[in-house]
Amino acid sequence: MATADANLVVHESASVSPDARIYPSTRGTRIVIGAHSSIEPFAMIRCVGGRGDVIIGEHCYVNPGCVIYSGNGVTMGNHVLLAPGVMVMPTNHQWERRDVPIREQGFRPSKGGVVIGDDVWVGANAVLLDGARIGRGAIIGAGAVVAGEIPEYEIWGGSPCALLKRRP
Ligand SMILES: CC(C)(COP(=O)(O)OP(=O)(O)OC[C@H]1O[C@@H](n2cnc3c(N)ncnc32)[C@H](O)[C@@H]1OP(=O)(O)O)[C@@H](O)C(=O)NCCC(=O)NCCS
């Protein structure tokens, strides 16, 4: 492992574009990028909105324009493809009070972050919310909003996200 920072571990075989932006945590949460994974230009990973880690497995591909916030945690398996513009946002502002601006209310309780299984393809501009659990081999259509469980090897799309078909 090549380690640039205590909170940022990038495997020596991984590739991070010089035009990608990775902001290591100052609060002790971790970003880990596994072997042979690639973070493309203009992708961004930020530790904000919670205490979760961002763990990216091996042979993953994070395309241009993806934004990954750590929030309540992001775990990607191996061979995961995030198409351009995918937003991984496992955090929600608190909004229960009307007398305090939302930005001063902190964050809502965790729903467990975002967990992506092995060999998942997430289509362009999809949004993955806190509590999204995407099973192995699943495909998420372009523009989908995912907030819950997606079973293995199924293809889901739209908002609200619904089953489109199953992989053979
Ligand atoms: C989800 C996807 C993989 C399905 O592809 P497909 O199997 O060829 O799907 P089809 O074109 O046969 O469509 C099947 C049905 O799903 C619907 N559908 C397809 N993609 C959809 C999407 N992203 N959101 C909502 N509905 C979608 C179609 O309208 C169709 O509905 P119908 O049966 O009512 O007519 C594809 O549409 C998609 O979104 N690909 C992402 C592309 C991308 O991001 N590329 C970046 C490369 S890294």
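Arg97 is partly exposed, at 48% relative accessibility. Its salt-bridge partner is Asp99, with N and O 2.8 Å apart. Asp99 is exposed, with a relative accessible area of 58%. These values come from a predicted model.

**Salt bridges**

The whole structure holds 6 salt bridges. Side chains of opposite charge can pair when their charged atoms come close.

| Pair | N to O distance | Relative accessible area |
|---|---|---|
| Glu154 and Arg166 | 3.1 Å | Glu154 10%, Arg166 56% |
| Asp53 and Arg30 | 3.8 Å | Asp53 26%, Arg30 37% |

Glu154 and Arg166 form a salt bridge at 3.1 Å. Glu154 sits in strand β21 and Arg166 in strand β22, so the bridge ties together parts 12 residues apart in sequence. Is Glu154 buried or exposed? Glu154 is buried, because its 10% relative accessibility falls under the 20% cut-off. Arg166 is exposed, because its 56% is over 50%.

Asp53 and Arg30 meet through their side chains at 3.8 Å. This pair links distant parts of the chain, 23 residues apart. Asp53 is in the loop between β7 (44-46) and β8 (54-56). Arg30 is in the loop between β4 (21-23) and β5 (31-33). Asp53 is partly exposed at 26%, and Arg30 is partly exposed at 37%.

**The ligand site**

Residues around the ligand include Trp121, Ile155, Leu164 and Lys165. By class, the shell has 6 nonpolar, 4 polar and 1 charged residues. Which side chain places an N or O atom 2.8 Å from a ligand oxygen? That side chain belongs to Lys165. Backbone atoms take part too. A polar backbone atom of Ala124 is 2.7 Å from a ligand oxygen. For Ala142, a polar backbone atom is 2.9 Å from an oxygen of the ligand. The protein covers 43% of the 930 Å² of accessible area that the ligand has on its own. Strands β21 (154-157) and β22 (162-166) are the elements that give two or more residues to the shell. Those strands also carry the Glu154 and Arg166 pair.

**Val16**

Val16 is in strand β3 (residues 15-16). Val16 is partly exposed, with a relative accessible area of 34%. Beyond its neighbours within four places in sequence, Val16 is in contact with Val10, Ile22, Ile33 and Ile39. Ile140 is 124 residues from Val16 in sequence, and their C-alpha atoms are 24 Å apart.

Notes
Residues are numbered from 1 along each chain as its sequence is written. This is a predicted model: local features need pLDDT of at least 70, side-chain atom pairs count only at pLDDT 80 or more; totals for chains, interfaces and linings use all residues. Side-chain values use heavy atoms; hydrogens and water are left out. A residue is near a molecule or strand if one of its heavy atoms lies within 4 Å of it. A polar contact is a pair of N or O atoms within 3.5 Å; within protein, one must be able to donate a hydrogen and the other to accept it, and residues adjacent in sequence count only if both atoms are side-chain atoms. Accessible areas come from the Shrake-Rupley method with a 1.4 Å probe; for residues, only the protein chains shown count as cover. Helices (H or I, at least four residues) and strands (E, at least two) are DSSP runs, numbered from the N terminus. Ala, Val, Leu, Ile, Met, Phe, Trp, Tyr, Cys and Pro count as nonpolar, Asp, Glu, Lys and Arg as charged, and the others, Gly among them, as polar. Buried means under 20% relative accessible area, exposed over 50%, partly exposed in between (1.4 Å probe, protein chains only). Contact means heavy atoms within 4.5 Å. A salt bridge is a side-chain nitrogen of Lys or Arg within 4 Å of a carboxyl oxygen of Asp or Glu.
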